[in-house]
Amino acid sequence: MKKALIIGGGFAGCAAAHQIQLIGGWDVTLVERAPFLGGGVKTHWRGGHPFTFGPRHMLTPMPELFEYLNAIVPMRKLDHEFITYVEADRNYYSFPIHKDDIPRMPERESIEREIAEAQELRTWTAAKNFEEYWIASVGETLYGKMVDKYSRKMWQVASNAMLDDFGWSPKGVALKEGPREGWDTAISAYPLAPDGYDRYFDVATAETTVKLGTEIEAFDIPQKRVQIAGEWHAYDLIVNTVSPDMLLNYAYGELPYVGREFMTIILPVEHAFPDKTYFTYYAGDEPYTRIVEYKKFTQHQSPSTLLGIEIPSHKNKLYPMPIKKEIARAYQYFDAMPDGVVSMGRAGSYKYIDIDDIIWQAMKMAEELKQGGLSHPVPVYGADQAAPNLLTQKMVDAKVVPGRS
């Protein structure tokens with residue numbers, strides 16, 4: 001029987017294990033340095049409240065991916081809104097930016113004039129970076145109010161002009177009309193069970209040898225070997241879900257990421273946010289980017305409520321940088337990987353993807369494996385460094401957001 005190693009036991013590692021398990025014929029080992037499976041999607045508890053490291057709802061434009069996960073972990077579809085707090089106005093506005101909020105803004109006349117000019121010029125398709133895209137879409141005033149500081153804080157950059165791989169950026173459209181729900185182009189859902197996705201990790205790895213609390217001490221990727229506890233182990237297939245630079249000993253330099261400090265606070269009220277509001281974003285100088293009220297996702301019943309606060313940090317690696325030169329560096333690592341090595345998931349693909357893309361990657365990887373080969377180390381996205389994630393591609397196809405020039 002052929003042997004496979006999966007590096008990392010987050011959602012990507014578990015999804016890969018499940019798909020290999022479904023095709024059969026493989027002896028699979030999964031190595032995870034944490035003492036649990038699931039990574040940031042693992043459910044933890046505080047004061048009786050369940051939560052994950054950041055809000056981890058399933059968001060997808062593909063019903064078949066929702067149905068796959070729903071069959072293992074029954075899910076509740078969500079109908080939710082985002083709001084953004086603007087300190088200068090001492091007010092909250094919908095996000096995506098909603099046209100009906102503009103009359104409430106102090107600079108409404110300037111904003112309306114700039115939007116009209118932007119709509120007439122329609123130069124957003126020629127934008128070369130994130131800042132150009134937003135100014136061309138909504139004008140400088142609205143960009144400065146709602147987007148500029150938030151994005152610089154989110155990515156820990158001095159200027160949004162540094163962000164030149166930005167097809168993922170808008171949550172829907174730059175300027176929204178009609179319903180205020182955040183997503184009308186995708187299914188948004190969260191597990192019904194109090195422990196969230198945890199059952200999925202158990203089912204996905206039921207036929208996998210799982211080694212928790214285990215470090216890989218050294219890599220010999222050209223020979224598909226790793227060293228664990230002083231011993232070398234060789235495999236026919238390696239599925240990597242951690243940063244690809246680690247596998248090749250940082251030969252082309254270290255890939256940059258942004259991480260998060262995460263705080264939880266319990267409040268002595270049953271609900272803190274308005275009825276449909278799950279997230280509140282902060283567009284100013286606050287150190288945090290967003291706050292989530294977990295009961296909106298989990299439906300936990302309690303006279304208190306749990307909030308999760310996210311603060312951008314460089315202490316961990318959660319978000320690959322949307323900068324073309326860094327993406328090109330990641331592809332140097334992918335191009336150096338031999339046959340039989342796959343790199344997938346958000347870190348492994350060096351791509352801002354989520355649960356649905358990860359499941360899709362695992363399915364495509366398993367399909368090719370069953371047919372006897374692998375077309376590229378990065379499933380689905382292959383050699384196309386600019387390939388958008390599923391949701392962005394759906395929005396581009398539907399002309400909800402402009403495609404790249």
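Tutor: Axes are lines fitted to C-alpha atoms, for helices over the stretch in contact, with angles running from 0 to 180 degrees between N-to-C directions. Helices (H or I, at least four residues) and strands (E, at least two) are DSSP runs, numbered from the N terminus. The model is predicted: local features need pLDDT of at least 70, side-chain atom pairs count only at pLDDT 80 or more, and totals for chains, interfaces and linings use all residues. Residues are numbered from 1 along each chain as its sequence is written, and side-chain values use heavy atoms, leaving out hydrogens and water.

Student: At what angle do the axes of α1 and α12 cross?

Tutor: Roughly 35 degrees, and the axes of α1 (residues 11–23) and α12 (residues 355–370) come within 9 Å.

Student: What is L69 in contact with, beyond four places in sequence?

Tutor: F11, M58, M75, Y197, Y200, I355 and I359. L69 and F11 are also among the residues with the most contacts inside the largest nonpolar core, which has 113 residues. Such a core is a set of buried Ala, Val, Leu, Ile, Met, Phe, Trp, Tyr and Cys residues joined through side-chain atoms within 4.5 Å. A second, separate core of seven residues includes Y85 and Y282.

Student: Why is N249 called exposed?

Tutor: Buried means under 20% relative accessible area, exposed over 50%, partly exposed in between (1.4 Å probe, protein chains only). N249 has 53%, so exposed is the word. N249 sits in the loop between α8 (244–247) and β15 (257–267).

Note on methods
Contact = heavy atoms within 4.5 Å.
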